[in-house]
Amino acid sequence: MSFPFFTCGGLFYWVDKYNYAGWRIQESMWSRRCRLLDPYNIKRFSGSFEQCEQSLRYFQRAWEIEPPVGKALVMIHGLFQKPSSFEKMSRFFEKNYEPVVFSYPMLRFDLMKSAHTLNAMLNKRQDIKSLDFVAYGFGGLVLRQAVALNPPWLEKLGRSVFLAVPNHGCSWATRWKEKKLYKLVFGVAGQYLVAEKVEALPLMKNEFGVIMGGRDDNKGFLPFFKQDNDGVLAVSDVRQKEAKEEYLALNKTHFYLHQDDKILEMIHSFLTTGRFGRGVRLRKEQNYMHLWES
């Protein structure tokens with residue numbers, strides 16, 4: 001028998017194996033035991049994957065859970081981000097999409113294992129007709145690696161938005177990657193933040209846009225970068241000339257882009273039309289493109 005209790009939704013030791021209408025089946029990376037979480041991160045059952053799947057079907061009938069709309073927005077968090085931090089974004093898009101927040105042991109899985117886990121979860125959802133993505137930080141690298149594996153779900157791929165993704169690696173990671181403190185803090189994932197690893201990844205397929213933070217003053221939030229930055233990544237680490245559009249969110253730091261109302265509107269516009277919005281203009285400065293609200 002399994003008693004319901006509140007959880008943190010899986011931070012460092014749980015892997016999402018299945019996601020349906022906000023319900024998630026997660027597997028412990030240590031015991032391989034699974035648990036079923038409801039949309040409020042309350043554990044409703046624990047056991048094998050098959051048992052959790054049967055329990056989910058029971059709740060579908062008993063609670064009369066409506067089938068999803070067939071169009072999903074998959075949100076992939078970055079390092080040191082909680083899946084629950086995407087609640088605002090999930091609520092914003094829930095009228096038009098089935099929000100799917102993919103959670104993985106961010107510091108204990110390497111890039112390839114995280115990508116395989118994402119593909120396995122999405123391949124189980126045969127009922128989804130189209131997939132759009134919002135990937136944050138390291139989550140963008142997970143998505144690029146997953147797409148490079150040519151999974152079956154790829155034929156459903158729509159548009160994607162990358163938020164503060166180190167598309168060219170982290171400039172500081174190359175200098176610090178051999179330090180013991182760096183390896184302790186960033187775990188296995190930290191070795192995939194260096195430029196040579198990221199540059200080896202194929203580009204994202206289909207249309208995608210890039211949003212980054214900064215100050216547009218050549219200094220950014222931390223002066224040791226010696227260029228514009230969001231406090232974690234330099235703009236040159238993030239920008240991607242192959243992107244359909246790029247946007248510099250002025251005075252926005254690395255970890256809070258997905259909670260800004262204007263940026264949520266822009267993400268919705270890009271996923272719908274392929275543009276960040278009508279009320280933006282374009283200029284060239286310091287060898288990269290800026291977009292901001294006119």
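Which residues does Ser160 touch, not counting residues up to four places away in sequence? In this predicted model, Ser160 touches Phe133, Leu143, Met204, Glu207, Phe208, Gly209, Phe270 and Leu271. Contact here means heavy atoms within 4.5 Å. Ser160 lies in strand β9. Helices (H or I, at least four residues) and strands (E, at least two) are DSSP runs, numbered from the N terminus. At 0% relative accessibility, Ser160 is buried. Buried means under 20% relative accessible area, exposed means over 50%, and partly exposed falls in between (1.4 Å probe, protein chains only).

The model is predicted, and local features need pLDDT of at least 70, side-chain atom pairs count only at pLDDT 80 or more, and totals for chains, interfaces and linings use all residues. Residues are numbered from 1 along each chain as its sequence is written, and side-chain values use heavy atoms, with hydrogens and water left out.

Helix α4 was examined next. Of its 11 residues, 10 are buried, so α4 is largely enclosed by the rest of the structure. The buried residues are Phe138, Gly139, Gly140, Leu141, Val142, Leu143, Arg144, Gln145, Ala146 and Val147. They pack against β6 (71-76), α3, β8 (130-136), β9 (157-163) and α7. α4 is followed by Asn150, whose phi is positive, near 50°.

The packing of α4 on α3 can be described in detail. The axes of helix α3 (residues 111-123) and helix α4 (residues 138-148) come within 8 Å and cross at roughly 70°. Axes are lines fitted to C-alpha atoms, for helices over the stretch in contact, and angles run from 0 to 180 degrees between N-to-C directions. α3 and α4 are therefore roughly perpendicular to each other. Angles under 35 degrees count as roughly parallel, over 145 as roughly antiparallel, 65 to 115 as roughly perpendicular and the rest as oblique. The crossing of α3 and α4 is right-handed. A crossing is right-handed if the near helix is turned clockwise from the far one by less than a right angle, and left-handed if anticlockwise.

On the α3 side, the residues in this contact are Leu111, Met112, Ser114, Ala115, Leu118 and Asn119. They meet Phe138, Leu141, Val142, Leu143, Gln145 and Ala146 in α4. By class, the contact of α3 with α4 has 9 nonpolar, 3 polar and no charged residues. Ala, Val, Leu, Ile, Met, Phe, Trp, Tyr, Cys and Pro count as nonpolar, Asp, Glu, Lys and Arg as charged, and the others, Gly among them, as polar.

Gln145 belongs to helix α4. Its relative accessible area is 11%, and Gln145 is therefore buried. Not counting residues up to four places away in sequence, Gln145 touches Leu111, Met112, Ala115 and Leu201. The C-alpha atoms of Gln145 and Gly214 are separated by 26 Å, the two residues being 69 apart along the chain.

Salt bridges were then counted. A salt bridge is a side-chain nitrogen of Lys or Arg within 4 Å of a carboxyl oxygen of Asp or Glu. The count comes to 13 salt bridges. Glu98, Arg125 and Asp127 are linked in a network of them. Lys177 forms a salt bridge with Glu196, with the closest N and O atoms 2.9 Å apart. This pair links distant parts of the chain, 19 residues apart. Lys177 sits in the loop between α5 (171-176) and α6 (180-186), and Glu196 in helix α7 (residues 195-199). Glu196 is partly exposed, at 45% relative accessibility.

Arg32 pairs with Glu27 in a salt bridge, the closest N and O atoms being 3.4 Å apart. Arg32 is partly exposed, with a relative accessible area of 48%. Glu27, at 15% relative accessibility, is buried. A further salt bridge joins the side chains of Glu178 and Lys183 (3.7 Å, N to O). Glu178 is exposed at 55% relative accessibility, and Lys183 is partly exposed at 40%.

Asn206 is partly exposed, at 47% relative accessibility. Asn218 is partly exposed, with a relative accessible area of 42%.
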